[in-house]
Amino acid sequence: MTPVPATVGPLRAVLAELDAGAPTLDDVARRTGLDRDVVAAAVHQLVRLRRVTSSVLATTCTDGGCGTCPAGNGCDAHGAPAPAGSRPVLVSLTVRRRPGA
Amino acid sequence: MATTSAGPVTRDRAAAARPSVPSCHGDAGGEVVRDGRPVVALAGSPNVGKSSLFNAVTGARRTVGNWAGTSVEVGTGAWRAGVLDVAVVDLPGAYSLDPLSPDEELTRDLLVRADPAERPDLVVVVVSATDLARTLYLAAQVLEHPLRVVLAMTMGDVAARRGIRVDTDALAAALGVPVVAVDPRRGTVTGLAEVVRTALAARQPVAAPPADAPAAAAGSPEVVTGDAFDDEELAAADRRFAVVARAVAAATHRSGTARTDWSDRVDRVATHPVAGPVVFLAVMWAVFQLTTRVAAPVQDALDGLLSGPVSGGLRAVLGAVGLGGSWVEGLLVDGLVAGVGMLLTFVPLMAIMFCLLAILEDSGYLARAAVVTDRLMRAVGLPGRAFLPLVVGFGCNVPAVSATRVLPNARQRLLTVLLVPFTSCSARLTVYVLVSSAFFGKHAGDVVFGMYVLSIVLIIGAGLLLRSTLLRAMGTEDLVLDLPRYQLPMPRLLAAVTWMRLSAFLRTAGGIIVATVVLVWALSAVQVTSGRDAEPVQGSAYGQLATAAAPVFSPAGFGDWHATGALLVGFVAKEAVVSSWAQTYATQEPGDLHRPGGLGASLRADFERSSGGHVTPAVLAFLVFLLGYTPCVATLAAQRREIGRRWTMIGVGLQFALAWTVAVAVFQVGRLIP
């Protein structure tokens, strides 16, 4: 494993890679040389610090077919369908731009 | 530094807001009675096994109640740690000492904001071997304060099964505090008791913070506000993470046979820029092959049952009660039984399809498909996050339109709403299957798969068209995805999801079909011509409306009133297309539907006639048009709600123009191919 860069700590290294457009956390781990679990923990902390927003994405509609959801029933407050279960969940992360940044 | 849901709390505010620390001398449940015994606090992140440890060390000698002045539940109890009796406090779960919830706030207050005399004599920070980095953050933060600290590591057995071994000695060396592996579920906590007793007896009052740890901040009087606060907060967290990362690197050993390696190897292919889309297409091809091939025999059997014995039986019953040949028989047998019965024949197909998609979803593969889709969308300059509503659209366009609200940019939202109708919803699948089964036999699955590929092509094409014309000024936004691990699907969950989707489909589709069947039947019953037409239904209001619109589709090879009528009904809802065919063909030639395959034969005859013998390109053109034009009125209503009437109408025009153009191109080019 590549050592953590001395000049930038792991949290800011992860933030920089997210900002640079790394598509997945595995890519962030590869680019920073950090353990994948450390990257996940760093993202968790960045979300807590409000530097990154995190939202669960459902890839299919739980209500199923077309006619089944004429009024968007089963969608959450943002209009996104609720995930089908508590199992694999896709999470999107977006770096929050600070005013003036 | 503290943060609350209302934003960061500056240090002076934090100091002003410092609570009077709940008395440890009360007798309410959840409080500690200081009777000379040392007080040991258990702290740790949620779900780390902290309460299991609390239960294991206290046994029955414990109480749980709200801490005074709060609604936060805290457990207290007595623990005989070796030869020493101690009072134990099970603090609320907290990821850090910068609270985001009342639970975390109380933990922070009791550990670092209370008067020194009221603070615990020792803090056991519980960390999980399965999630070491995340759970160590709190430990790193606690170590910045003048507290005696011991680390208890749980879930070592679970981590070992995942190929992860955590060296507690190395972890202790990296952090400078004792670390003990515990297994509270099996009652293995004696090692912790000894370490706690030793630490309490030691003259060294507190653990020395790591050399590069940030200075403890809670209670500091200086004022830090705005960006400086944010930067300092990030810098402090960053320094803690450096401690965490070093400790994890020093103490964690992964075996080569870890399950995550298998998952990573699969992901290298499944999310590869080139191989990923190929895998995605192959998987979806397999889904449609399985769906059509497995369902086909069952579907045929159901069709035979409904159009034979059920329809015949109902005719016989109606005949016996004197209603034979009446409008009642027409409505019930040729309308409802034919229309709703046709829907029922699709139940096995939809069940298989929903089950296969649930398997893909529950295994974690669909998340990888989202990565592939996302990358493709970025490549053509579409907003990355738009993949979500578009993927949802393959189930149903209506919630997909609503799901565009996840997009923060108004123009991105507009573009995506306009593209959603090109995603091929499951209602269109019924038409694909019926038509492709009737015309393409064993290649039906390939044709259905091709329609989904075409759907993606249309999305990309329409997106590029809109971005180069109406929606030129639009930024893009990066998206990072946190992929779940692969896992074996759970049969119980698969069954539940499949049933939920299937029953919901049948419930609403059934309602739509009954309503449209009655409407089509009524329009078919009203004769507006004097019998000049070759078929009785063609002379009805329904037939004449369809006949008037049919020439529009002549260049595409399906300018027949049956096909046009189905498309008019499909404007309302695609679920009703097949039933309207079943109904009008049954009314026109009742005998035809009394045997399996009758509808297919009628369709073949009409396409043969309308296409001048070029049946295959005409059928493909019909399917292309069906895919591309307005999905249903419910989608229009959702679009109007999101983007207004003007853009909705622009979208309808775009869909019709694109669908018609591509359909005509397919037919005109196809007829040239021998």
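Modeller: Here is a short tour by topic.

Modeller: This is a predicted model, where local features need pLDDT of at least 70, side-chain atom pairs count only at pLDDT 80 or more, and totals for chains, interfaces and linings use all residues. Residues are numbered from 1 along each chain as its sequence is written, while chains are lettered from A and ligands numbered from 1 in the order in which they are written.

Colleague: What are the ipTM and pTM scores?

Modeller: The ipTM is 0.74 and the pTM is 0.59.

Colleague: And what is the mean pLDDT of chain A?

Modeller: Chain A has a mean pLDDT of 66, with 50% of its residues at 70 or more. The pLDDT is the predictor's confidence in each residue, from 0 to 100.

Colleague: Which element of chain A has the lowest mean pLDDT, and which the highest?

Modeller: Strand E2 (residues 90-95) of chain A has the lowest, 69. Helix H1 (residues 10-19) of chain A has the highest, 90. Helices (H or I, at least four residues) and strands (E, at least two) are DSSP runs, numbered from the N terminus.

Colleague: Where does pLDDT stay under 50 in chain A?

Modeller: One such stretch is residues 59-88 of chain A. The model still has 117 contacts there beyond four places in sequence. A contact means two C-beta atoms, placed from the backbone, within 7 Å. Residues 1-5 of chain A also stay under 50, with 10 contacts beyond four places in sequence. Where pLDDT is low, the predicted coordinates should not be read in detail.

Colleague: How about chain B, what does its pLDDT average?

Modeller: Chain B averages 78, and 81% of the residues score at least 70. Among its elements, strand E7 (residues 122-128) of chain B has the highest mean pLDDT, 95. Strand E2 (residues 7-9) of chain B has the lowest, 31. Residues 1-30 of chain B are below 50, with 70 contacts beyond near neighbours in sequence. Residues 217-225 of chain B are below 50 too, and that stretch has 22 such contacts.

Colleague: Switching to the fold. How many helices and strands are in chain A?

Modeller: Chain A has 3 helices and 2 strands. Along the sequence the pattern is α-α-α-β-β. Of its 101 residues, 53% count as buried. Buried means 20 or more other C-beta atoms within 10 Å of the residue's own, exposed means 12 or fewer, and partly exposed is in between, with C-beta atoms placed from the backbone.

Colleague: And the secondary structure of chain B, what does it come to?

Modeller: Chain B comes to 25 helices and 12 strands. Of its 674 residues, 51% count as buried. Of contacts in chain B between residues at least 6 apart in sequence, 73% join residues at least 24 apart.

Colleague: Which residues touch the most other members of the largest nonpolar core?

Modeller: That core has 122 residues, and those with the most contacts to other members include B:Val619, B:Phe622, B:Val624 and B:Ala663. Helix H18 (residues 444-468) of chain B gives the most to this core, 12 residues. Apart from it lies another core of 93 residues, including A:Leu25, A:Val28, B:Ala129 and B:Ala133. A nonpolar core is a set of buried Ala, Val, Leu, Ile, Met, Phe, Trp, Tyr and Cys residues joined through C-beta atoms within 7 Å.

Colleague: What does B:Val624 touch?

Modeller: Leaving out residues up to four places away in sequence, B:Val624 touches B:Leu454, B:Ala659, B:Val662, B:Ala663 and B:Val666.

Colleague: Back to chain A. Which residues of helix H2 are buried?

Modeller: In helix H2 (residues 25-32) of chain A, the buried residues are A:Leu25, A:Val28, A:Ala29 and A:Thr32. They cover an arc of only 100 degrees around the axis, so they sit on the same side of H2(A). The arc is that of the directions from the helix axis to the C-beta atoms. An α-helix has 3.6 residues a turn, so residues three or four places apart point the same way.

Colleague: What follows H2(A)?

Modeller: A:Gly33 follows H2(A), with a positive phi near 75 degrees.

Colleague: Which residue other than glycine has a positive phi near 60 degrees?

Modeller: B:Met155 does. B:Met155 is in the loop between strand E8 (149-154) and helix H5 (156-161) of chain B.

Colleague: Is B:Met155 buried or exposed?

Modeller: B:Met155 is buried, because 28 other C-beta atoms lie within 10 Å. A:Arg50 is not a glycine either, and has a positive phi of about 65 degrees. A:Arg50 counts as partly exposed, with 15 C-beta neighbours inside 10 Å.
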